[in-house]
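Dear colleague,

Please find below the structure that I am handing over to you. My notes on what was found in it follow directly after.

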Amino acid sequence: MTVNTVPDYSAIKAKQNAAWSSGDYAIVGTTLQIVGENLAEELDLRSDQAVLDVAAGNGNFTLAAARRWADVTSTDYVASLLLRGKERADTERLSVEFQVADAEDLPFADASFDVVASTFGVMFAPNQVKAASEMVRVCRSGGKIGLANWTPDSFIGALFKVIGRYLPPPVGLASPALWGTRSRLDELFGHASTDIHIRPRSFAFRYRSVEHWLEVFRDFYGPTHKAFAALDPEKSASLTEDLKDLIGRNNVADDGTMVVPSEYLEVVITRR
């Protein structure tokens, strides 16, 4: 994708770090554990493989890989999220190496890993081309790159569009949801792969009620937490109503609870 304005990636990254460090993403992240487990199975992980989790957050794929006895390195540029992952690994007595690292500048040698993966993480890196090239660089020839990426038309894709109406993204910044399209994946990885296998999946956000979801995402999910903190009371109330409307149009529960499916792409790329 070509843009006319080159974003200030360093400034954007600093703001993103602050956003994901706010609240406590792990409260939301743990609900997504099944995505990591499914990706681990789709990658057909083996116990003797060196595995890297990029933008690991609180470690859903990290734990899934470690449960399969892989040699796992878990990375993120938000140290507090890695700490949550370490707490989980320690509780399960899983052996994992945790390391603060930027997805756009991974501190590892070329071809260091058999499997490089990211679930709803690397897609938020501001410089998409650099992040993809780093995943390719550290993956050995014949190895696998695994991804779980929200699609543009998913519930989360729509969520970010709603937030963007109140807090527009930086000019020239490509949408993270492009990682959830075949065309963008071909652009980012086609030159370095022998195969890109894509499987559409759906994750259901299950909460006690719409109000419960709003409370959790307002308090703990970095992007919405920062959005509400930046808005005055009137705009905050307006954002709340827009989010309720979004959920109302997607909620499949009829018992007062919230069950909202959100499409994502499960991707397995074979490194050339």
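Leaving aside its neighbours within four places in sequence, which residues is Asp110 in contact with? They are Arg137 and Val138. Please bear in mind that this is a predicted model, and that every value below was computed from it.

Asp110 is placed in the loop between S3 and strand S4 (113–119). With a relative accessibility of 55%, Asp110 counts as exposed, because the cut-off for that word is over 50%. The side chains of Asp110 and Arg137 are joined by a polar contact of 2.9 Å. Between the C-alpha atoms of Asp110 and Leu52 the separation is 13 Å, while the two residues are 58 residues apart along the chain.

**The sheet**

Seven strands form an open sheet with mixed pairing, in the order S3-S2-S1-S4-S5-S7-S6. Strand S3 (96–100) and S6 stand at the edges with a single partner strand each, so one side of each has no neighbour in the sheet. On average, neighbouring strands of this sheet are turned by 20° against each other, direction ignored.

S6 and S7 pair in the antiparallel sense over 14 bridges, and Ser193 stands opposite Arg271 in S7. Strand S1 (residues 50–53) and S2, by contrast, run parallel and are joined by four bridges; Asp71 in S2 is the bridge partner of Ala50. S2 is mostly covered, as five of its six residues are buried.

Helix H5 (residues 79–91) touches S2 and S3, and its direction makes about 170° with that of S3. Helix H8 (residues 182–189) touches strand S5 (139–150), S6 and S7, and its direction makes about 135° with that of S6.

**Salt bridges**

In general, side chains of opposite charge can pair when their charged atoms come close. How many salt bridges does the count come to? The count comes to 21 salt bridges, and three of them are described here.

One is formed by Glu41 and Arg68, whose closest N and O atoms are 2.9 Å apart. Glu41 lies in helix H3 (residues 33–42) and Arg68 in the loop between helix H4 (60–66) and strand S2 (71–76), so the pair ties together parts that are 27 residues apart in sequence. Glu41 counts as exposed at 52% relative accessibility, whereas Arg68 counts as buried at 19%. Glu41 and Arg68 also belong to a network of salt bridges that links Glu37, Glu41, Arg67, Arg68 and Glu92.

Another joins Asp44 and Arg46, with the closest N and O atoms 2.6 Å apart. Asp44 is partly exposed, with a relative accessible area of 42%, and Arg46 is partly exposed as well, with 46%.

A further salt bridge lies between Arg201 and Glu266, where the closest N and O atoms are 3.0 Å apart. Arg201 is in strand S6 (residues 193–207) and Glu266 in strand S7 (residues 258–271), so this pair ties together parts that are 65 residues apart in sequence. Is Glu266 buried or exposed? At 1% relative accessibility, Glu266 counts as buried.

In soluble globular proteins, nonpolar side chains tend to be buried together. The largest nonpolar core has 66 residues, of which Leu147, Phe189, Phe205 and Trp213 touch the most other members. Helix H7 (residues 155–166) contributes the largest share of this core, namely seven residues. Not counting residues up to four places away in sequence, the residues that Leu147 touches include Leu39, Trp179, Phe189, Leu265 and Glu266. There is also a second, separate core of 18 residues, among them Leu43, Ala65, Val115 and Val268.

**A buried lysine**

Finally, Lys13 is placed in helix H1 (residues 9–21). Lys13 has a relative accessible area of 16%, so it is buried. Beyond residues up to four places away in sequence, Lys13 touches Tyr77, Asp102, Glu104 and Pro126.

With kind regards

Note on methods. Residues numbered from 1 in each chain as written. Predicted model: local features only at pLDDT ≥ 70, side-chain atom pairs only at ≥ 80, totals over all residues. Heavy atoms only, no water. Helix = DSSP H or I, 4+ residues; strand = E, 2+ residues; numbered from the N terminus. Buried < 20%, exposed > 50% of the residue type's maximum accessible area, 1.4 Å probe, protein only. Contact = heavy atoms within 4.5 Å. Salt bridge = Lys/Arg side-chain N within 4 Å of Asp/Glu carboxyl O. Pairing = 2+ DSSP bridges. Axes fitted to C-alpha atoms, helices over the stretch in contact; angles between N-to-C directions. Polar contact = N/O pair within 3.5 Å; in protein donor to acceptor, adjacent residues only side chain to side chain. Core = buried A, V, L, I, M, F, W, Y, C linked by side-chain atoms within 4.5 Å.
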